[in-house]
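Let us take a walk through this structure together, one stop at a time. Keep the model in view and look up each residue as we reach it.

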Amino acid sequence: MNATELLANTLSPDANVRQDATQKMEAAAQDRYPEYMSMLSSVLSDENSALHVRNAAALALKNALTAREAARQTDLGNKWLSLTNDVKSKIKQDALITLGSSNAKAGTFASQVVSAIAAVELPAGHWPDLIEILLGFVNNQANANLRIATLQTIGFICEAIKPEILSLRSNEILTAVIHGARKEEPSPEVQLAAIHALYNSLEFVRENFDRDGERNYIMQVVCEATQNASVAVQVGAFECLVRIMSLYYDKMALYMEQALFGLTVVGMKHQDERVALQAIEFWSTVCEEEVELAIEAQEAQEYGDVPESESKFFAKIALPEIVPVLLHLLTQQEEEAEEDEWNVSMAAATCLALLAGAVQDTIVPAVIPFIEANIKAENWHQREAAIMTFGSILEGPDPNVLTPLVNQALPLLIDMMSDTNLHVKDTTAWTLGRICDLLITCIKPDIHLHPLISALVAGLQDSPRIVTNCCWALMNLADQYAVYYDDDGDVPQNGHLSPYYEGVVQALLRVTESAGNEANYRTAAYEAITSYLTQATPDAITVVQSTAVTILQRMEHLLSIQNQILGVDDRNNWNELQSNLCAVVICVIRKLNEGIQPLADRIMTLIIQLIQSAGKTSTVLEDAFLVVGALASALEANFSPYIQAFLTYLYPALKAHEDTQLCTVAVGIIGDISRALGEQSAQYAGPFMTVLLENLQSDILNRNVKISILSCFGDIALAIGPAFEPYFETTMGVLRQAGAVEPNPLDYDLVDYVGQLREGILEAYTGIVTGLKKSEKANLLVPHSPNMLELVHRCLSDEERSDSLVRLAYGLIGDLAECFSNGQLKQLFLSNWLASELRSRNRMPDETKKTMRWAREMVKIATQ
C-alpha cells in the first residue's frame, strides 16, 4: 500500500480500515522514522494528491514534531534533530516548496509544518537561513499564495518561539510583515495574513516600539488597516490594537489623542459584530491596565515609593464618549442568545464593569440617568439593560456613593424578580447577587431580608439560568452576612438568617433533586447549601445535622444504583453528584468538628464503598480522599479505628504517579493523618516514609507533587517528634539536595518552580526543627544548621522571593534560635547577612513583619 492510500485510509468512514491504517502509521513512525517523515513530506508536496490527504500528511508531520507535554516535546525534538542532514533538508525543502502551492489551503498546511520544524531547530541554533528564505518569499510579488502562506508561517513561528530567540531578526521580520499589511497592498488576503503575523510578533518587537519613528509607522499601518474594505482585516487590526494597548500602554498617549479614541468609538458602533467586539475589547483592555496601575500606585504610596508606570487616565478622559455607546449596545440583546455565546451586549456589560473599576465614582453620574429612564420601560430590552448597568457599576465606586442608590433600588429590584420577561429576571437575580456580595450593609435584616429571601427562593423554581443566579445570590447573602456580623471575632449564638435556614436549605435541597444540571444550577445549589452549613450559627446547628443525614442517604442511594448506570453521560452525572455530595460532607465535618463522631462510622463505610466503586475515576477518588482528610482532622485520635481499612486504598493512590492530582491529595492525607494522631502516628511513619521516598525517585511523578512530599516530611516529623530519628539523616540529605537547585532567570517556569520548591523545603525544615526542638534529640540538628541557614540566606537574597517564602525563612531562623537558645549556634547567628536581614526595612505584610520581629528576639537570646 502506498503512502497516499495509507493516509487516505486514516480518514476512512470504516472504523476497521481507519484503525488498521492508523496502526500502520504508528508502527512506521516508531520503526522507520526517517522514511516515515520523508514519505509524509512527499505527499504534502505532491500537487496531484487530494487536498484532504495532503492535510493528513501535514497533520502527521506536525504531530511528529510538537506535543503539549514538555517531556514529550523534548523527545520529539531530539528525534528530529537526530535525523541525517539529507533527510531533514529534503523534508524542509518539500514544506517550503508547498508554501507556494497553487492551492492556498495546501500552503496553509505547509506553513504549520515549517513553523513546527522551526520551533525545534531555531532554539537549537539550526536552520540559520530560514528567516532569510521566508523574507525572500514575502517579497515575491508574482505569487500571492506564497506570500500569504509565508506570512502565516512567520506568524506561527512568532507564536511558538520565545521572543528572545527571534529578537535579533525582529527588524527584518517586522519590515516584511508591515510591508504586507500596508494599505497599498493590493491583495486583502496578503494583508490579513500580514496583520495576523504582526499580532503574533508584537511581543518581541519591543525595541522597535521604543523608537519613535518605527512605532509611528507601525501604528499608522495598524490604524489604516482598521479602515480596510475587508472586514476580516479590520477585525485583525483591532485585535492588534488590543494587544498593543496591553503590551505598550505607556507609549499610547499620542496615538490615543490623534486616532485611537475616534477609531475605537466608531469601531464599537460598527454594524459587523466581529469588529464591534474587538473595539469594545480595546476599551476593556485600557480599563484593565488602568485598574492595575491604580493598585500599583496605591501600594507605592503606602510604602513611600514612586510607581514604575503611571496611569494616563484614558478611560476617564474618554468616559463621555464611550459610556453612551456602551449603554446603547447593552440594549442590543439577542432574544435567544445562548449563555456561552459572546455578543456585543455581553461585551458592553463586561466593559462597563471594568470601566467602573477604572474611573470609580465618576461612572455613577454618567449612567444614573440611563438607569432611571429605562428601568420601568415597556420594552424588555431597555429594562434589562438598565438593571445590567446598575449591576455592572457596583464594584469600583466608593460604597458610600453607591449605598443610597442601592437602598433606593432594592425594593424595586426585589419586585422585578417577578417580571414577565426571563432575561430581566435573570439579570435582576444576578444584580441582587452582586449587592449581596459587594454591599451587604445595604440589606437591612428587619426591612429587606424577608422579601429578598422570599423572592430568591421563589426564583429557585424558575428557568435554569435564573435558578443558578438565585443560588449564587443566596450563597453570597450567607457568606457576606457571616463576615459582616462576625467582625468582632466572637461567634454569635444566633444569626439574622437563622429563622430562614430551614426553609432556604430545604428549597436548595429540592433543586438538587433534579436529574439535570443545565446552566450548572444543580452544582450552584450544592455550593449554596455548603455556604449555609458553613456559616450556620449555633441556633441553626440542627439544620446542619439533618442536612448531613439527608446527604448521606443520597450517597447510599447513588451507591445502590451504580450497577444500573449504562451510558457515559449517566456515569459522568453520577460522578458529578458524588463530588457534590462529598463537598457537602466535608463542610459538615468541618462545621461539627468532633460533633461528627456519631456519624463517623457511617461516613467511613460510605467513603470506602465510594472508593471501591470509583475505579480509576480520579476526580471521585480525590473527593473521597478529601472527606477522609477532613474526618481525620476533626476526630484526631478517634480516627485511629479507621486507618487500617483506609490504608489499603491510600497506598495505590500514592503509587498512581501518572495521576498528579490524585497523588497530591493522597500525600496531603498522610499529613492529615499524622497531624490528627500526633505521636500515635509513629506506627505508620515507617511505611509512609518509604512510599514517599520512593515517589521522590520516580521519573514519571510530576515535580510539583514532589514539593508536597517534602512538606509532608515536615508534617510527619512535627507529629512524631523524636521518633522521627530513623528517617532524619535520609530526609535531611534529600532536602539538602533539593535545596541546591538554582533558578535560571531566563526560564520563568523554573523560577516559579524553584520558589515553590524552596517553600516546600523550608516547611519540611520547620516541621523537623519544631518536632525535635524540645526533645533530647535536638542535637541531631546541629551539623545540619549551617546548611539550613545557608538556604535561608539564598531565599532572602532572591529578588523573586514571595511573601510566604520570606515568612517561612524568618520562621525557621526563629525556630532554630529558640531550639538552641543557650548559644550552641551563636557564631552562625552572628553572621552579618543574618543581622542585616533581621533589621530589614523592605516592605512586607504585617504577618511577615511580626515573624521577623519574633525571630530577631529569639536570635538575640541565642547570641547573648
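Is tryptophan 127 buried or exposed? Tryptophan 127 counts as buried, because its relative accessibility is 7%; buried means under 20% relative accessible area, exposed means over 50%, and partly exposed lies in between, with a 1.4 Å probe and protein chains only. This residue sits in the loop between helix H7 (104-121) and helix H8 (130-138). Helices here are DSSP runs of H or I with at least four residues, strands are runs of E with at least two, and both are numbered from the N terminus. The phi angle of tryptophan 127 is near 55°, a positive value in a residue other than glycine.

Before going further, a word on how to read all this. The model is predicted, so local features need pLDDT of at least 70 and side-chain atom pairs count only at pLDDT 80 or more, while totals for chains, interfaces and linings use all residues. Residues are numbered from 1 along each chain as its sequence is written, and side-chain values use heavy atoms, with hydrogens and water left out.

Asparagine 520 is partly exposed, because its relative accessible area is 45%.

Now turn towards the start of the chain. The UniProt annotation "domain: Importin N-terminal", from an unreviewed entry, covers residues 21-101; UniProt positions are given in the numbering used here, feature names are shortened, and annotations may be inferred rather than shown by experiment. Over residues 21-101 the chain is 79% helix and 0% strand, and the end C-alpha atoms lie 27 Å apart. Serine 42 has its place in helix H3 (residues 33-45) and counts as partly exposed at 34% relative accessibility. Setting aside residues up to four places away in sequence, serine 42 touches Lys90 and Asp94, where contact means heavy atoms within 4.5 Å. Histidine 52 is 10 residues from serine 42 along the chain, and their C-alpha atoms are separated by 15 Å.

What about the interior? In soluble globular proteins, nonpolar side chains tend to be buried together. Here the largest nonpolar core has 315 residues, and those with the most contacts inside it are Met252, Leu355, Ile363 and Leu477. Such a core is a set of buried Ala, Val, Leu, Ile, Met, Phe, Trp, Tyr and Cys residues joined through side-chain atoms within 4.5 Å. Take leucine 355: leaving aside its neighbours within four places in sequence, its contacts include Cys287, Ala315, Leu319 and Ile363.

Further along, asparagine 469 lies in helix H25 (residues 464-485). Asparagine 469 is buried, with a relative accessible area of 15%, and it touches Asp426, Ala429 and Trp430, not counting residues up to four places away in sequence.

Next comes a pair of helices. Two packed helices are described by the angle between their axes and the distance between the axes. Helix H29 (residues 568-592) and H31 pack at an angle of about 10°, with their axes 9 Å apart; axes are lines fitted to C-alpha atoms, for helices over the stretch in contact, and angles run from 0 to 180 degrees between N-to-C directions. That makes H29 roughly parallel to H31, since angles under 35 degrees count as roughly parallel, over 145 as roughly antiparallel, 65 to 115 as roughly perpendicular and the rest as oblique. Where they meet, H29 brings residues including Val585 and Ile589, and H31 brings residues including Val627 and Leu631. Also in H31, which spans residues 618-635, is serine 633. At 40% relative accessibility, serine 633 counts as partly exposed.

Cysteine 712 lies in helix H35 (residues 703-720) and is buried, with a relative accessible area of 1%. Cysteine 712 and valine 667 are 45 residues apart in sequence and 7.0 Å apart in space, C-alpha to C-alpha. Leucine 772 belongs to helix H37 (residues 748-772) and is buried too, with a relative accessible area of 2%.
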